[in-house]
Amino acid sequence: MSGTHGKTSTRHAGTGGAVPPVRVRAVRRADLPEVIALDATVTGLHKADYWQRVYRRYGVGGQGLRHFLVATAGARVVGFVIGEVRDWEFGSPPCGWVFAIDVDPQARQQGVGTLLLSAMRQRFERVGVRTLRTMLASDNHLILSFFRSQGLRAGRLIPLELEVGAPS
Amino acid sequence: MKLQTSTRLALYSVLEFAARPEQLVAAAEVAAKYGESAHHLAKVLSELSRAGIVESVRGVGGGYRFAANPRRLTLLDVIRLFETLEPGDAAAQRAGTPVEAALQQVQAEIDQTTLATFGSITVATMLKMVEEARQAA
């Protein structure tokens, strides 16, 4: 498993009192219940089977191209990010795709998301990736704002979609 | 899309004040910097004050300062004070002919992208971009 390179924040998750520093590391199977609970808190959907599949694909192995990272404060998981290197989609050179990131609502605005994205970026850079991409719902201004604050801008790819399977 | 003068003045002012949150900035300074009338700017600042985005201090040495959360206030929050910019404006119009309906769909796509862009760029992010532009100059 890659990603034993823990990163310690100079910021702390929470205000007041002795709060443990936030660290970012590769996910472990034992983290899954907390990841599932965090996702359920944010999305309102409990998707245990989905997260087991994600763990098998992104949490184990991956040869440096697939990453599932968690942010922890002490023993508590306070966030996660998942991404992978994708190459030559519609002629696009290898890029780092981030397709999930979340931070415990109680730990937001303390730099946790920044730490997670930074850790993912470092892993992409190690394998020569020079572009980081993501795709977001246009009406989710909160998460859009986060990625904008990290320097992401509109790129040369435009997402398009089509409703399929509807009765004609 | 082209923003109205009032909207641009509001954005200039917000960014000028937010860049120096500890200072009181004179309205005349902003008006002069961007070549706009002080009278027009006063109306804009009055609207920003009513919205709680800036606050004014009267008297000698007075001026304006930023009063919002720069990591939460977006360009769209400011623009909405001065412009009607909502998705579906085009779709809400009379559909008319199929050609008009199809064109309204295209306009709605553009509106959605515009809203997402303005709605996702905070004042804090803009200040970073301003600094990058300054260093690149």
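Hi everyone, this is a short walk through a two-chain structure, chain A and then chain B.

A word on conventions: this is a predicted model, so local features need pLDDT of at least 70 and side-chain atom pairs count only at pLDDT 80 or more, while totals for chains, interfaces and linings use all residues. Residues are numbered from 1 along each chain as its sequence is written, and chains are lettered from A and ligands numbered from 1 in the order in which they are written.

Let's start with chain A. It has four helices and six strands, taken as DSSP runs numbered from the N terminus, with H or I of at least four residues for helices and E of at least two for strands. Reading from the N terminus, the order is β-β-α-α-β-β-β-α-β-α.

How are the strands joined? β4(A) and β5(A) run antiparallel, with eight bridges between them; strands count as paired if DSSP finds at least two bridges. Across from A:Phe80 you will find A:Asp102 in β5(A). On to β6(A), residues 132–134: this strand runs parallel to β5(A), through three bridges, and here A:Val98 stands opposite A:Thr134. Together, β5(A), α3(A) and β6(A) form a right-handed β-α-β unit, meaning that with the strands pointing away from the viewer, the path from the first strand over the helix to the second runs clockwise.

Now, the inside. Of the 168 residues in chain A, 31% are buried, that is, 20 or more other C-beta atoms lie within 10 Å of their own; exposed means 12 or fewer, partly exposed is in between, and C-beta atoms are placed from the backbone. The largest nonpolar core has 33 residues, and A:Leu69, A:Val81 and A:Leu116 have the most contacts inside it. Such a core is a set of buried Ala, Val, Leu, Ile, Met, Phe, Trp, Tyr and Cys residues joined through C-beta atoms within 7 Å. Elements giving two or more residues to this core include β2 (21–26) and α1 (32–43) of chain A, and α3(A) gives the most, with seven residues. A second, separate core has 24 residues, including B:Val14 and B:Phe17.

Staying with chain B, let me show you B:Leu127, in helix α7, residues 123–136. Is this residue buried or partly exposed? B:Leu127 is partly exposed, because 14 other C-beta atoms lie within 10 Å. B:Ala19 is 108 residues away in sequence, yet 6.8 Å away in space, C-alpha to C-alpha.

Finally, the chains touch through six residues from chain A and ten residues from chain B, a contact being C-beta atoms, placed from the backbone, within 7 Å.
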